[in-house]
Amino acid sequence: MYLRNAWYVGAWAHEVTREPFQRYMLDEPLVFYRTEAGDPVVLDDRCCHRFAPLSAGWLDGDDIVCGYHGFTFDPSGTCVAVPGLDKAPKKARQNSYPAVEKWGWVFVWMGEADQADESKIPDFHYMDDPEWTGLGETLPIKAAHYLIYENLLDLTHAKYVHKTTLATDDVTGFPLSVEDVDDTIVVRRSMIGIEKTSPFFNRCAGFTEPVDHTQHITFTPASYIMINTRVQSAAGTTENKFAEFRIINALTPETSKTTHYFWNLMRNFSLDDSELNDWVFNGNRGAFAEDKVIIEKQQEMWDTVPGAKPVPFPHDKGVIQSGKLMDRLIAAEQAAKKVAAE
Ligand code: FES
Ligand SMILES: [Fe+2]
């Protein structure tokens, strides 16, 4: 079951062009394109006539023409032309979904359209702030979106999954604090005065003395995890170095067991270092590929024990609270839907 009254990332802005394309979100086939004025349009891809995909058709101005029998729909999903008829049948229409382009992503609202409030999109301004730089991409994962939330909310896995990149040996030695702040879950870990940080951060700043490494992770329903992480020279050392990142992750369910994993890794230091740009991007891409391997294998195991209860440990606290928050929000949405239907 999905939370539907929420903004999900549907695409990178550069993917949405005058060439319609199909993408599944929340188990539904959608078609994405742009109007002549440049606004993103998202409609049900399954044509209401005989269910051919509109994405196999073409654009006529701002409208999309089904490539099978020529039904034509405007950006609101209204059928504006049917070959051989003066007027389209009343029932001929496509669902149209509110879509907003912001910070390089196209956000899509698949719930009640009158609740699609743009101000509910989380603050990811780092993605187009001149004080920050970085790159990202989409990683398709054959696993449920919540298994990826879990991966990002419990970073102790870095010690085991990312041995040559993100691993910080001390990560399991420091406790977490977890807070529910206005329907977001905030997980914090501070590793103060540790002897060494991960190979990734060492490459970025060249630490040779002990450091303080902080991780501040925010889960914002339904699909976002932002990791603020900073490593800096510890008090009492002779160095004065730091490296700071915002890892912005959007986990959009494609189906109940496959996910579009949109990520962007932004940093606020060495902004003009193009060699570092490539190194950071490729390093993170390599690490996330390691996550993909273990998460897809984990999904296979979950499938062998539907409904089973896993054994928790203290580093899971953020995972468990985020799951409870999602359960609560989904239950509230379902209850409201039921009341509205009565
Ligand atoms: S299936 Fe689209 S017009 Fe017939
Ligand atoms: Fe990871």
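Student: Which residues of α5 are buried?

Tutor: In this predicted model, helix α5 covers residues 317-341, and its 25 residues reach 36 Å from the first C-alpha to the last, close to the 36 Å expected at 1.5 Å a residue. A residue counts as buried if 20 or more other C-beta atoms lie within 10 Å of its own, and in α5 the buried residues are Gly318, Val319, Ser322, Met326 and Glu333.

Student: What covers the buried residues of α5?

Tutor: The cover includes three strands, β13 (177-181), β14 (184-194) and β15 (211-220). It also includes a helix, and that helix is α1.

Student: How are α1 and α4 oriented to each other, oblique or parallel?

Tutor: The axes of α1 (residues 145-153) and α4 (residues 274-302) come within 10 Å and cross at roughly 130 degrees, in a right-handed crossing. Angles over 145 degrees would count as roughly antiparallel and those from 65 to 115 as roughly perpendicular, and the two helices are therefore oblique.

Student: Which residues of α4 does α1 meet?

Tutor: From α1, the residues in this contact are Leu147, Ile148 and Asn151. The residues of the contact divide into three nonpolar, three polar and one charged.

Student: Is glycine 236 buried or exposed?

Tutor: Glycine 236 lies in the loop between β16 (224-233) and β17 (242-255), and its C-alpha is separated by 9.8 Å from that of glutamate 209, 27 residues apart along the chain. Because glycine 236 has 8 C-beta neighbours inside 10 Å, it counts as exposed.

Key. Residues are numbered from 1 along each chain as its sequence is written. Chains are lettered from A and ligands numbered from 1 in the order in which they are written. This is a predicted model: local features need pLDDT of at least 70, side-chain atom pairs count only at pLDDT 80 or more; totals for chains, interfaces and linings use all residues. Axes are lines fitted to C-alpha atoms, for helices over the stretch in contact, and angles run from 0 to 180 degrees between N-to-C directions. Helices (H or I, at least four residues) and strands (E, at least two) are DSSP runs, numbered from the N terminus. Angles under 35 degrees count as roughly parallel, over 145 as roughly antiparallel, 65 to 115 as roughly perpendicular and the rest as oblique. A crossing is left-handed if the near helix is turned anticlockwise from the far one by less than a right angle, and right-handed if clockwise. Two residues are in contact if their C-beta atoms, placed from the backbone, lie within 7 Å. Ala, Val, Leu, Ile, Met, Phe, Trp, Tyr, Cys and Pro count as nonpolar, Asp, Glu, Lys and Arg as charged, and the others, Gly among them, as polar. The expected span of a helix is 1.5 Å times one less than its number of residues. A residue is buried if 20 or more other C-beta atoms lie within 10 Å of its own, exposed if 12 or fewer, and partly exposed in between; C-beta atoms are placed from the backbone.
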